[in-house]
Every structure is written in structure tokens, then in C-alpha cells.
Amino acid sequence: MLAALLIFILTLVFVIWQPRGLGIGYSALGGAALALMFGVIDWGDIPVVWHIVWDATFTFVGLIIISLILDDAGVFHWAALHVARFGRGRGRRLFPLIVVLGAVISAFFANDGAALILTPIVLAMLLALGFGPAAALAFVMACGFVADTTSLPLVISNLVNIVTAGYFGIPFDRYAAVMVPVDLAALAATLAVLMLFFRRDIPPRYDLARLDAPASAVKDALVFRWTWPVMAVLLVAYFVTAAWQVPVSLVTGLAALLLLALAGRWWRGGRGAVIDLRHVIKGAPWQIVLFSLGMYLVVYGLRNAGLTDYLAQALQALSRHGTVVAAVGTGFISAVLSSVMNNMPMTLVGALGIQHAQGLAPDVREAMIYAHVIGCDLGPKFTPIGSLATLLWLHVLDRKGMHIGWGYYMRVGLVLTTPVLLITLLALAWRLS
């Protein structure tokens, strides 16, 4: 048991620290190798874990490829400029519009895409509008915050969702039926706490004349025109193929392949291509494939050592008090543990805990599964190490001259996340009732 715990901690330290730029996938595979060496896992566990992670991992890679293509085509920049014009020069109108835009991007392109792609676009737009440091910080924090708090509605909205839905066999349509209303509650709560917290930092007015025309943001007109029909067909395909249990990664991969063909002008032999596909392919999160397998093998070692049984016992105790207590308790446990041990390993730890909990009523078990998703999606906002995307987001902002210290981030995260998490979990309990 001690060996499994030490290997997990060591692996997590290297994944977060990334010494000399060491990829997170190599660190995770190194931890898996140690787990094999010390007998924490055996060779038979590898296909078991691969079966858990492969669909989620390749779905995530496909979504990021789609996001990078659309970003290079100027789709997100175009949307941000339109939103700024809808603000009509009023800062307190622009702020919630940016939050809603972040929620929409997070829903369809995953939370990582929303945070890492939208934030630099919004920051550049704010600088062009002449916003001061305090106002820019308010908008940037809002972009990073809403990317996670509203990454609930669809299976594809967060890697946590994909892994959990796959593990428990939740169809795309059933997941959406439960979580879309819950996500709307999360969005409303997010808007309320952000507006209240940053109310003094939002400028009353801004000059619309300083904005570029939205059309100027479009870099690839062909990809831009095809974005809307492709995304509409993709969304419909997710729901239609759910009945036949078609892997989500296959549907996502076909959409990514179509956009790659359009961007690369493959039928013309590449003539007229605007987007550098080598940059897109290189920018895809291939390390996440290695990370998912390696990190989850390390986590599976915790299960083999019996450490997930303690979580199962805690969940059993919560289940005796009804759906509301089970949902709120499970959500906060998952959130707190995600904030200290990273949400990706916690996703499998929590799933194993729920799977092994004895005597759960079906409605309570379902509430715990969705509450676990909510906790792992929102919990990372408590600390910078709660998700790898947050660490990368902070690094991107640093390179652009905006430093957000860990102390400030945690103070803001605690104040903002706690009420949103509670309201979202109560909305889940109401939805399932």
C-alpha cells in the first residue's frame, strides 16, 4: 500500500513540475513502469486501463485538433469581436457576454480549448480597447473560470466527462438530458459570482471605434464557411450514434479529418491552403495519450492496494442520507481531492470508489456519478495544480506579460468556486429528483 501511494505522489510531482520540459506523458509512463517494477500493478492491468481511457483520450485529441483549425481560421477571434460589438460600448454588458461566449466554446470544444484559445484573444482585444490592468485581469480570470465551471453539459465538454461517461456506460443523449439543465444553473451562478466579485474592476464604457471589423479576423474563408454545417452535423451525430454505442472518438475523428482536408485543400494537392497543418498536428495534445495510460495505471495501483476502498466506504456512509446529501457530499469530496491531487487521476479514483461502494440505491448511485463529474470539473478552480490546463493557462498569461500568482489565484478560486459548486450540486439533486 505504501509503495502504491509513494509512486503516485512521485509521479504527480513530476507531472506538475515538468523538470527540463519533461512531457507529462513520459512522467506518467515512468510512474507506470515503477508500479510494474514494484508489483503494484501487473501486465494484465494494462489492457484493462487502456479500455477505460482510449476513447476519451482520442476524443480529446480530436476536439483540440478541431479547435486549433478553427482558431487558425479566425473563427474564435471573429466571434469575440462580434460579442464586443454586441456589448455596445458598455463594460457591464460586455463582461457577461464574454462569460457566455466562454461557456459556449467550453461546451462544444472542451474546457481546455475554451481557456487556452479564448483567453489570449480576449486579452489582445482588451489591450486594443485600452482597458487597464485591473479590468484586463477581471476579464481574463472570468475566461479561465467559466471554461471549467460550465464544462458540464455534454460528454465532449471535458475530458473528465468523457472518461466518466465511458467508464459507467452513460449514452451521449442521457448524459446531456441530465447535465444541460445543471450546466445552465452553473452558468447563472458563475455569472452572478463573477459580476459581484469583479464589479468594481469592470469599466463602465469602451470605445467601439477601436475594435477591428469581425470580417478582418477570418483567415481561411473556406474553413470559416464550413465550420457551422460541420459542427451542426457533428452535434447531431453524437446524439444519433449514441443509440448504436458508436465510440465518441470515431465521430469526433471523422469531423477532425474533414476539417483537416478542408484546411489543407487535399483535393487540390494543398494549393491555396492558408492554415499550416504541421503546426496544427504538432500542437495537438499527443502527450495526453501517454499521460492517460500511464497516470491511470498508477491510479489503478492505488485500487489494487485497497486505497480506493476508503473512498467507497465514505460514499456508502453518504448514501444513507438520501440523494441531496449524497450528491453534495460526493461533489465536494471530488472537488477537494481534485484540487490537491489533480482532477485527471481523481476522475478514475472517484469512479473506482463509486463502482466499489456497496448497497447504493440506483438513484443515489446515479447522483453520485454526476456529482463526481461536477466535483472534478469545478474542483480544479480551487488551486492552480487542480488541472494541467490551468497550469498551462497561467504559463501562457505569463508569456503575455500578465502574471497571476498562486496566492491570488487560490484566494479568488476559493471565494468564487465554493458557491458555484454548491448551487450546481443542488441543481443536480433537483434535476434527478
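Guide: A residue is called buried when its relative accessible area is under 20%, and exposed when that area is over 50%. The model discussed here is predicted.

Visitor: Is alanine 138 buried or exposed?
Guide: Alanine 138 belongs to helix α6, which covers residues 133–149. Its relative accessible area is 0%. The limit for burial is under 20%. Alanine 138 is therefore buried.

Visitor: Which residues does alanine 138 touch, not counting residues up to four places away in sequence?
Guide: A contact requires heavy atoms within 4.5 Å. With residues up to four places away in sequence left out, the partners of alanine 138 are Phe95, Phe198 and Asp201.

Visitor: What separates the C-alpha atoms of alanine 138 and leucine 194?
Guide: Alanine 138 and leucine 194 are 56 residues apart along the chain. The separation of their C-alpha atoms is 8.5 Å.

Visitor: Which helix supplies the largest share of the lining of the largest pocket?
Guide: The largest pocket has a volume of about 1300 Å³. Among its 41 lining residues, Leu116, Gly283, Leu388, Ala389 and Leu392 are the closest to its centre. Helices that each supply at least two lining residues include α1, α3 and α17. The largest share, nine residues, comes from α17.

Visitor: How many charged residues are in the lining of the second largest pocket?
Guide: The second largest pocket holds about 610 Å³ of space, and 22 residues line it. Elements giving two or more of these residues are α3, α7 and α9. The lining divides into 16 nonpolar residues, five polar and, as charged residues, one.

How values were computed
Residues are numbered from 1 along each chain as its sequence is written. This is a predicted model: local features need pLDDT of at least 70, side-chain atom pairs count only at pLDDT 80 or more; totals for chains, interfaces and linings use all residues. Side-chain values use heavy atoms; hydrogens and water are left out. Helices (H or I, at least four residues) and strands (E, at least two) are DSSP runs, numbered from the N terminus. Buried means under 20% relative accessible area, exposed over 50%, partly exposed in between (1.4 Å probe, protein chains only). On a 1 Å grid over the protein atoms alone, a cavity is a set of points where a 1.4 Å probe fits but cannot get out, and a pocket is an open set with protein on both sides within 12 Å along at least five of seven lines; lining residues have an atom within 4 Å of a point. Grid points are joined across faces, edges and corners, and a volume is the space filled by probe spheres set on the points. Ala, Val, Leu, Ile, Met, Phe, Trp, Tyr, Cys and Pro count as nonpolar, Asp, Glu, Lys and Arg as charged, and the others, Gly among them, as polar.
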